[in-house]
Amino acid sequence: MTEAAAPASEIPPFRYTAALADEIERRWQDTWEREGTFHAPNPTGPLADSEHPRAGAEKLYVLDMFPYPSGAGLHVGHPLGYIGTDCFARYQRMAGRNVLHAMGFDAFGLPAEQYAVQTGTHPRTTTEANIARYKAQLRRLGLAHDERRSVATIDADFYRWTQWVFLQIYNAWYDSEAKRARPIAELIAEFSGGSRRTPDGRPWGELTDAERRAVVDQHRLAYVSQAPVNWCPGLGTVLANEEVTADGRSERGNFPVFKRNLKQWMMRITAYGDRLLDDLEKLDWPEPIKLMQRNWIGRSIGAHIEFPTSVSDSGDERRISVFTTRPDTIFGATYLVLAPEHDLVDALVPTAWPAGVPQAWTGGQANPRAAVAGYRKVAAAKTDLERQAESKEKTGVFIGAYATNPVTGAQIPIFIADYVLAGYGTGAIMAVPGQDERDWAFAEVFDLPIVRTVQPAEGFAGTAYTGDGPAINSAAPERGLDLNGLGVAEAKARTIAWLEAKGHGSGAVTYRLRDWLFSRQRYWGEPFPIVYDETGAAIALPEELLPVELPEVDDFSPRTFDPADAESNPETPLSRRRDWVEVELDLGDGPKRYTRETNVMPQWAGSCWYELRYLDPTNADRFVDPEAERYWMGPRGEGDCGGTDLYVGGAEHAVLHLLYARFWHKVLYDLGHVSSFEPFRKLFNQGYIQAYAYTDARGAYVPAEEVVERSGAYYLGDVQVNREYGKMGKSLRNVVTPDEMCAAYGADTFRVYEMSMGPLEVSRPWETRAVVGSFRFLQRVWRAIVDERSGASRVVDAPADEATRRLLHRIVDGVRGDMDAMRFNTTIAKLIELTNAVTRLPQTPREVAEPLVLMLAPFAPHVAEELWRRLGHETSLTYADFPVADPALLVAESVTYPVQVNGKVRGRIEVPADAAEETVRAAALEAVAAALGGKDPRKVIVVSGRMVSVVA
RNA sequence: GCCCGGGUGGUGGAAUGGCAGACACGGCCGCCUUAAAAGCGGCUGCCGCAAGGCGUGCGGGUUCGAUCCCCGCCCCGGGCACCA
């Protein structure tokens with residue numbers, strides 16, 4: 001032994017160091033895996049276990065939004081929510097519940113496909129390698145998942161059931177009377193039995209096969225439509241409305257998106273608009289997320305009103321149907337506006353201007369047809385961004401035709417203008433400038449009449465008045481309608497009744513929500529279980545032919561185009577595999593040749609139902625066993641929606657994933673496949689961990705970990721750099737990984753740090769140098785129980801002193817409350833408080849050491865298991881009872897009251913906890929006698945157990 | 001423009017009508033050490049030598065008492081955006 005070895009020996013041999021943490025953590029991770037510690041028993045089936053300590057216990061289903069396994073691996077921000085749910089799940093297990101917590105992978109996605117296009121590596125190869133890496137990183141964090149239940153959406157065993165759910169949706173229709181989906185066979189039965197009328201009234205038996213199929217297909221919840229869709233040439237695929245940003249670009253890649261009429265698969269989510277909206281009431285979700293869904297669905301209640309038009313050149317009588325939320329303002333409808341692309345425009349435009357048309361209405365054109373064509377051309381050339389920028393400036397052109405206001409009988413001009421959208425309502429409005437800002441602005445530009453039909457409030461100085469008030473100028477006694485004096489609500493009801501009685505319209509509801517565009521021209525997604533026959537009709541494959549496996553291809557790329565080439569057409573990667581596309585099948589009428597659907601499903605498909613597969617991941621006969629679903633997700637009584645007990649993830653999925661998943665779940669509910677009618681009962685949005693990034697004078701990012709702060713400025717060496725705050729990312733050179741933190745301090749320290757840095761729902765900056773505080777905390781806990789020099793126990797069986805015992809029970813009580821409410825940061829603060837108190841004691845009483853270790857276990861499970869063992873326990877603490885406070889010890893013996901005089905603390909008194917109010921009052925007045933200066937107080941308020949306030 | 005969420009020490013945050021700043025980082029001082037690191041202990045909102053005063057974005061209000069409730073404004077973050 002030489003002198004050189006001395007420094008190392010100065011660290012006490014049994015100190016809780018990173019090396020010891022690492023050893024403990026890996027050992028316990030192996031033990032948990034070997035013993036299947038976190039397996040949650042199902043009520044029946046292969047995952048049932050009647051011997052399990054929680055078999056038959058009250059259940060709790062805790063769910064994370066499962067990740068897309070990206071090639072970059074995890075940074076410290078990613079596992080925040082996962083650690084949060086893990087701490088909560090571990091606590092709930094100790095509190096007696098049977099907790100289901102699993103982790104899977106949303107593994108179809110664009111990045112692996114784009115990588116494949118660049119390198120030729122199969123997306124499956126990349127994705128599976130990424131999943132393996134994620135699993136290793138997550139395992140290192142000690143997350144207590146039931147690993148038997150892990151699924152990946154790319155596994156054929158999984159997507160077989162994604163395809164199966166698609167078939168359920170395809171083979172269903174929405175019965176708007178019953179307000180639920182029903183099997184398509186029941187619709188066909190109604191048609192053939194004659195209880196339901198065919199669209200054109202002919203008996204079902206007289207329709208050809210093709211006609212029948214067309215009628216049925218019009219009702220399906222998944223259908224092919226030739227409709228305007230979002231075509232993104234830069235990505236080579238179409239996109240859902242939800243995937244297009246407000247300025248008309250793709251959310252992913254930021255490429256321009258164009259409206260094109262293309263044949264695509266759609267999902268009839270609009271049929272569920274009402275229920276998706278109304279059932280939000282049942283959900284325990286953050287209010288802002290509910291609001292975003294409400295806004296996205298955008299239900300408007302109003303009326304459809306029919307306006308007869310002047311007879312067109314062709315001699316047809318045409319009526320224009322408008323949608324309005326303000327039928328009560330119909331007396332003020334002084335013109336109509338159609339969207340430029342509205343179907344009726346061409347039929348209505350006459351060849352020549354009527355007499356006396358103002359020059360400003362004509363767009364400077366010699367005849368209406370030229371005016372319409374000219375306006376359409378200008379409107380089409382505008383990008384969405386330009387439209388927005390110019391949204392204040394109203395443009396339009398008169399089409400040369402007039403309509404009749406059904407209530408006033410007045411001839412009112414018809415315009416086209418781009419402020420009316422083809423895709424909303426009927427694509428036409430009655431313009432009421434008196435009560436609508438946009439109509440007012442348009443009326444001013446074209447000098448159109450403005451009639452107020454609601455008396456503005458006293459002192460109103462604006463233009464259009466949209467508030468409530470009595471109706472004015474709204475009587476047509478000769479037509480049987482008089483609204484004058486009525487409030488808005490009453491006037492609406494009266495008008496709708498009149499419209500319906502006279503056949504001029506009816507009450508109506510419209511939605512902003514559009515049907516969901518469900519096909520993508522990509523490779524790396526679920527193939528559709530659909531083939532086409534020689535007539536081009538779509539035919540669903542029978543269940544026995546599932547899964548339709550994704551074939552191998554040489555070229556993973558869809559054909560992409562110049563991002564600005566709006567006239568290009570999609571071409572799918574699968575369409576190039578002709579030997580896969582052309583297939584011979586016997587679908588009941590002998591072997592025939594069919595062509596496969598070559599689109600694939602969007603990335604959202606797998607995430608629409610994965611939470612159900614966790615419940616019964618090995619089931620080869622059903623997507624989920626009904627009993628397992630009822631146990632884990634079933635309603636908890638009359639009116640309850642059921643669903644997972646907790647769902648944690650980022651707010652960025654507020655509309656997309658959460659709306660689609662709710663929709664699928666409701667279809668499955670209607671068809672009797674699940675007992676819950678909402679998938680996620682409680683939603684919690686975790687915040688994000690963000691980071692500082694630094695740029696030098698050239699704007700290039702410099703390694704964030706090498707930057708130091710000196711007197712308020714930031715330096716890399718001697719060079720001053722500029723600080724930015726935002727995401728963590730490779731290109732920003734500010735990534736910190738959980739792996740680095742585990743190596744430097746251990747997973748337990750990392751977990752404690754992430755949970756202690758703030759409330760789970762709040763975003764906050766990462767600060768590596770602060771992690772040491774959590775490390776010191778765990779070292780103190782360790783030191784309280786293990787002697788650093790000898791490794792011997794410092795725990796004694798002698799009882800704790802009264803003060804320590806009271807502190808313990810107060811902390812236990814607080815910790816329970818905090819854990820139930822997922823306030824992990826304040827829980828940890830309390831545990832630190834207790835630890836700091838114990839640290840000051842010469843020895844650690846067992847009656848404090850054991851509950852401390854148990855309360856620490858959800859956050860630092862490895863070191864807690866290790867200490868639990870050193871405390872003499874032979875089994876894992878996973879199912880040990882979480883400490884309970886003794887209520888008798890929560891009542892303080894004496895209370896210190898601050899005494900305020902005129903709102904300022906001027907003294908303190910200590911009195912027995914059960915002192916009468918008079919006693920407290922007298923003691924308080926005595927304590928502040930000096931401040932009162934001999935005067936009698938005007939008022940004395942004694943807040944029991946809190947404080948005394950004296951008004952001098 | 002409209003709708004949400006939020007502004008508290010040098011930093012992350014705590015307290016939701018009752019002693020503002022729990023707990024932690026950082027900083028300062030000390031112990032240990034030849035020294036450094038680690039660890040441990042003390043102090044640390046601001047002004048002031050002190051007594052004391054001031055202090056939760058700004059202005060007002062309710063209250064014995066307001067970070068908390070109400071009204072008006074400013075700033076930051078998010079969502080929606082001609083939706084009839």
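**A turn and its surroundings**

A: Lys179 lies in the loop between β3 and β4; helices (H or I, at least four residues) and strands (E, at least two) are DSSP runs, numbered from the N terminus. The model is predicted, so local features need pLDDT of at least 70 and side-chain atom pairs count only at pLDDT 80 or more, while totals for chains, interfaces and linings use all residues. Residues are numbered from 1 along each chain as its sequence is written, and chains are lettered from A and ligands numbered from 1 in the order in which they are written.

The phi of Lys179 is near 55 degrees, a positive value in a residue other than glycine. Lys179 is in the turn of a hairpin formed by β3 and β4, with four residues between the strands. Strand β3 (residues 172-175) pairs with strand β4 (residues 180-183) in the antiparallel sense over four bridges; strands pair if DSSP finds at least two bridges between them. Asp175 stands opposite Arg180 in β4.

Another backbone feature is the cis peptide bond from Leu546 to Pro547, with omega near -5 degrees. Pro547 is in the loop between β19 (538-540) and α16 (578-581).

Next come two helix pairs. The axes of α2 (residues 18-35) and α27 (residues 861-870) come within 9 Å and cross at roughly 85 degrees. Axes are lines fitted to C-alpha atoms, for helices over the stretch in contact, and angles run from 0 to 180 degrees between N-to-C directions. α2 and α27 are therefore roughly perpendicular to each other (under 35 degrees is roughly parallel, over 145 roughly antiparallel, 65 to 115 roughly perpendicular, the rest oblique). Ala21, Ile24, Glu25 and Trp28 of α2 make the contact with His862, Val863, Glu865 and Glu866 of α27 (C-beta atoms, placed from the backbone, within 7 Å).

Helix α24 (residues 802-820) and helix α25 (residues 824-839) pack at an angle of about 165 degrees, with axes 9 Å apart. They are therefore roughly antiparallel to each other. Residues of α24 including Leu807, Ile811 and Val815 meet residues of α25 including Lys830, Leu834 and Ala837.

Helix α25 also gives the largest share, seven residues, of the surface near RNA strand B (C-beta atom, placed from the backbone, within 6 Å of the strand). Of the 63 residues around RNA strand B, Pro288, Ser300, Gly773, Ala829 and Ser949 come nearest.

Methods. Contact = placed C-beta atoms within 7 Å.
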